[in-house]
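Here are my notes on the model, written as numbered points. Have the structure open while you read.

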Amino acid sequence: MSQTTVSTAPTPARNRPKNLLGHAWAGVAMLLAFYLILVAIFTVLSPFFLTVKNLLSIGSNMAFIGLMAAAGTPLIIAGGLDLSVAAVAGISGVIVAMCYTAGIDIWVACLVAILAGGLIGAGNGALTNGLKLNPFIVTLGTMSIITGASLVLTGGLTQPLMIPGFNWIGSGKIGGSGGIPVPLIIMLVVYFLAWWVMAFTPFGRYIYASGGNPEASRMLGIPVDRTQILLYVASGLAGALAGVIVAAMLGAAAPDSVGKHLLTVIAAIILGGTSLFGGRGSVWGTLLAVLILGTLNNGLTLLNVSSFWQDVTKGAVLLLAVGLDQLRVRSQA
Amino acid sequence: MTDKRILDMNGIGKSFGGVPVLADVHFHLDAGEVVALLGANGAGKSTLMKILSGNYSRDAGTIAVNGSEQDLKSPADALALGIRMLPQELSVFSDLTVAENIMIGALPRNGMHVDRGAMEVRATALLERMGLDWLSPRTRMGTLSHHVQRIVEIARAMNGEARVLIMDEPTASLAADEVQMLFGIIRRLQADGISIIYISHYLKEVFAVSGRIAVLRDGRNAGDFTTANTNVDEVLHAIIGNRVGDLYPAFSVNTASAADVVTVEGLNVEGWLRGVDFTVRQGSITGVHGLIGSGVEMIGRALFGAAPRTRVERVEIDGKPYQVSTPGKAVEAGLGLVAAERKREGIVAMLSLRENMSLANMPLFTKGLSVDRKKEATTTAEWIWRLSIRARNAEQPIGTLSGGNQQKVCLARWLLGDLKVLILEEPTRGVDVGARQEIYRQIRQLADGGLGILLISSDAEEVAGLADRSIALASGRVTEIFEQPTEASALMSAASKSAAAA
């Protein structure tokens with residue numbers, strides 16, 4: 001039995017002209033272009049914008065949002081969703097403050113807070129995958145519980161946390177006063193880790209497969225539920241880490257300081273090209289989207305645009321980007 | 001019964017992507033006639049009916065309804081002409097009332113509101129016509145049993161000026177007395193002058209209900225019989241023809257001496273299978289044939305741990321006891337399954353050919369903590385060559401390949417691992433004839449290489465052409481075991497021992 005009869009004609013079934021927009025990196029390239037345009041516009045409009053100090057402060061201010069989005073991206077790609085992540089960040093600061101007030105070492109307190117975040121993530125994962133509940137509903141529920149619990153635990157009051165070593169991870173800089181902010185470094189480390197896991201490990205492959213087609217993945221023996229549960233845990237851990245950084249940055253644990261940023265986190269993930277239906281996306285897209293949203297915020301503030309208008313702009317940018325991305329995806333289909 | 005010609009389809013032709021599916025097909029229907037439309041899978045029955053119901057456009061030929069030629073460009077055109085189709089799967093609104101379900105396409109209005117009175121009066125009249133005068137039109141649909149819902153669906157099809165009713169496998173999930181009830185309704189409609197096109201694989205039902213039998217084979221007319229003047233053999237011959245031959249490779253020679261690699265006793269899947277025993281032999285192809293609804297859909301995935309509510313008395317793999325649990329455990333035990341619904345359960349469309357290839361065997365492609373991309377690439381390239389998969393390159397998203405090439409990837413992904421038994425569900429569904437031949441040849445080579453293969457198919461010809469030994473299923477039970485290669489007609493008659501025949 002020879003193979004030659006058929007394999008000599010390797011002509012593809014459809015010889016479509018190669019579409020640049022259809023390339024895997026086209027989405028990320030579009031975001032990069034958008035970011036550069038934004039930078040150019042603000043550079044022209046404000047003399048304070050294009051300075052190393054200002055650009056680094058954008059990175060520093062966006063780090064906690066970037067952290068949550070870094071973990072949210074693989075979770076959504078795998079077919080999950082975590083709306084409780086920002087609430088976890090809120091309670092994480094509260095836990096640090098309570099432990100510290102109770103006389104526990106500050107670093108042990110941070111560890112406790114981060115572990116608690118992982119535990120909440122495990123709970124989200126168990127409810128969505130064990131009981132087969134819709135992640136939107138589950139994490140909406142846990143979000144509300146955790147937000148409420150933070151307020152109950154603190155009576156709604158902000159707890160001061162002025163500890164020099166601890167505050168360094170929120171506002172410290174490496175390389176002198178003009179150096180790179182610590183939160184930015186932590187965020188970038190997490191992004192590289194997420195990228196490595198997603199692009200190079202078998203687990204990363206399972207992330208894309210689980211979200212791309214859960215039925216097919218199960219039929220291939222891929223542990224879809226375990227994959228998603230681990231990602232919920234990761235999301236909880238990232239949320240808690242973000243909370244610790246915010247507390248360190250503010251020098252205080254404010255129970256309601258992070259919750260309001262949930263929509264920015266989700267917006268960044270979607271803006272970054274991750275499909276809400278799973279199976280598609282990358283952390284670099286998310287990182288660029290975080291930068292875009294941060295730059296927009298920063299630039300508009302420098303131009304004295306009211307924060308009310310900033311929300312309007314943010315929403316419009318999100319719709320524009322998602323609309324363009326949809327056109328791109330359709331053009332390749 | 002009048003002899004009035006209600007429908008005349010002449011010289012119908014249709015091709016998909018240059019592949020002809022229908023060529024010069026004729027089909028006609030008189031008023032009040034019940035015509036059974038028969039043919040193997042892929043013979044063109046459903047394409048012809050989709051043309052008639054306006055879902056597909058035709059490439060050639062004419063359609064005359066009531067003597068006047070019609071365009072039939074859309075389903076709305078067909079509906080307006082009184083052509084109604086009853087889909088194979090129940091499509092009802094469980095949370096609406098019976099009356100709403102019947103009238104949903106043409107709700108009577110009173111200004112801006114639905115005229116509930118008029119709606120219920122008309123629904124009641126239609127229910128009476130079906131012999132369901134005991135059923136209140138206000139009953140919620142979801143509370144009714146399956147076969148009553150089916151009849152309400154027929155009532156919906158009869159709303160308005162219905163002339164032709166197409167029924168596609170209407171008895172697939174009905175019990176014997178329910179089938180009789182359906183036949184009663186068919187006779188009533190017939191007496192009212194409604195013409196019925198009855199598509200079914202159950203020959204006994206066909207002989208019980210139809211007046212005429214039209215057969216398609218490979219997209220052409222293959223026979224037209226008056227039911228009273230023909231018999232099962234003649235019809236089966238028309239369905240199958242003489243083309244079984246070089247499409248299939250030769251059978252294995254030493255089947256009988258080979259060892260059983262899988263033994264299954266007492267396999268039960270609630271609602272599907274009852275007490276099924278079978279074995280898969282090393283180095284040979286064991287076929288399972290049954291009609292849609294017979295449990296043939298579940299037998300492979302039940303063993304694989306992918307069917308809910310499965311109970312099994314005893315399973316042995318390679319002589320060792322095996323506990324059916326999850327697909328993951330099945331893969332560890334050396335089982336592989338190629339699912340029938342490729343899009344839904346086989347491929348991850350957005351991932352590349354390479355990624356789909358390695359997905360079931362990631363441990364083989366892992367070095368340290370990360371994926372061994374080099375090994376992945378060489379293995380993929382090797383299998384692209386071995387199965388002559390036609391693709392631009394290994395990075396092409398698998399969703400953009402043709403069905404046959406996707407199927408080859410679904411096969412290859414198991415073969416690159418350490419496999420003992422390969423379960424194939426409908427391996428050539430939606431695959432063109434050229435690719436079919438290659439897939440058959442590959443399946444045979446795998447068996448010759450020592451693999452045990454369980455070939456599950458609702459296409460009797462495929463099982464007859466490929467399987468060294470086979471079993472037939474009907475209504476969730478084994479009806480016959482063939483230890484030697486057998487004829488498609490024998491498999492078909494064993495599989496059509498329907499409950500309705502009793």
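1. In chain B, β11(B) and β12(B) make a hairpin with two residues between them, and B:Asp218 in the turn has a positive phi of about 50°. The two strands run antiparallel and are joined by six bridges, β12 covering residues 220–226.

2. Ground rules for the rest. This is a predicted model, where local features need pLDDT of at least 70 and side-chain atom pairs count only at pLDDT 80 or more, while totals for chains, interfaces and linings use all residues. Residues are numbered from 1 along each chain as its sequence is written, and chains are lettered from A and ligands numbered from 1 in the order in which they are written.

3. Back to β11(B), which also pairs with β3 (residues 34–38) of chain B, this time in the parallel sense over four bridges. Look at B:Arg212: B:Val35 stands opposite this residue, and B:Arg212 also stands opposite B:Thr226 in β12(B). As a reminder, strands of a sheet pair through backbone hydrogen bonds, either parallel or antiparallel.

4. Chain B also has an open sheet of four strands with antiparallel pairing, in the order β14-β13-β16-β17. The edges are β14 (273–281) and β17 (320–321) of chain B, each pairing on one side only. Between β13 (residues 260–269) and β14(B) there are six bridges, and B:Leu267 stands opposite B:Val276 in β14(B).

5. The buried ones are B:Lys45, B:Thr47, B:Leu48, B:Met49, B:Ile51 and B:Leu52. After α1(B) comes B:Gly54, with a positive phi near 80°.

6. On the domains of chain B, the bounds come from an automatic or database domain assignment: domain 1 is 5–240 and domain 2 is 245–334 + 456–497. Their C-alpha centres lie 33 Å apart. Counting two residues as in contact if their C-beta atoms, placed from the backbone, lie within 7 Å, 12 residues of domain 1 are in contact with 11 residues of domain 2. On the domain 1 side, α7 (203–209) and α8 (232–240) of chain B each supply at least two residues, and α8(B) gives the most, with three.

7. Chain A has 14 helices and four strands. Its C-alpha trace spans about 80 × 55 × 35 Å along the principal axes. Of its 333 residues, 49% count as buried. Among contacts between residues at least 6 apart in sequence, 78% join residues at least 24 apart.

8. What does chain A put against chain B? 26 residues of chain A are in contact with 33 residues of chain B. The elements giving two or more residues to the chain A side are α1 (4–7), α9 (202–212) and α10 (214–219) of chain A.

9. Leaving out residues up to four places away in sequence, A:Val96 touches several residues, among them A:Cys110, A:Leu161 and A:Val244. A:Leu241 sits in helix α11 (residues 224–250) of chain A and counts as buried, with 25 C-beta neighbours inside 10 Å. With the sequence neighbours up to four places away left out, A:Leu241 touches A:Leu67 and A:Ile114.

Note on methods: Buried ≥ 20, exposed ≤ 12 C-beta atoms within 10 Å, placed from the backbone. Pairing = 2+ DSSP bridges.
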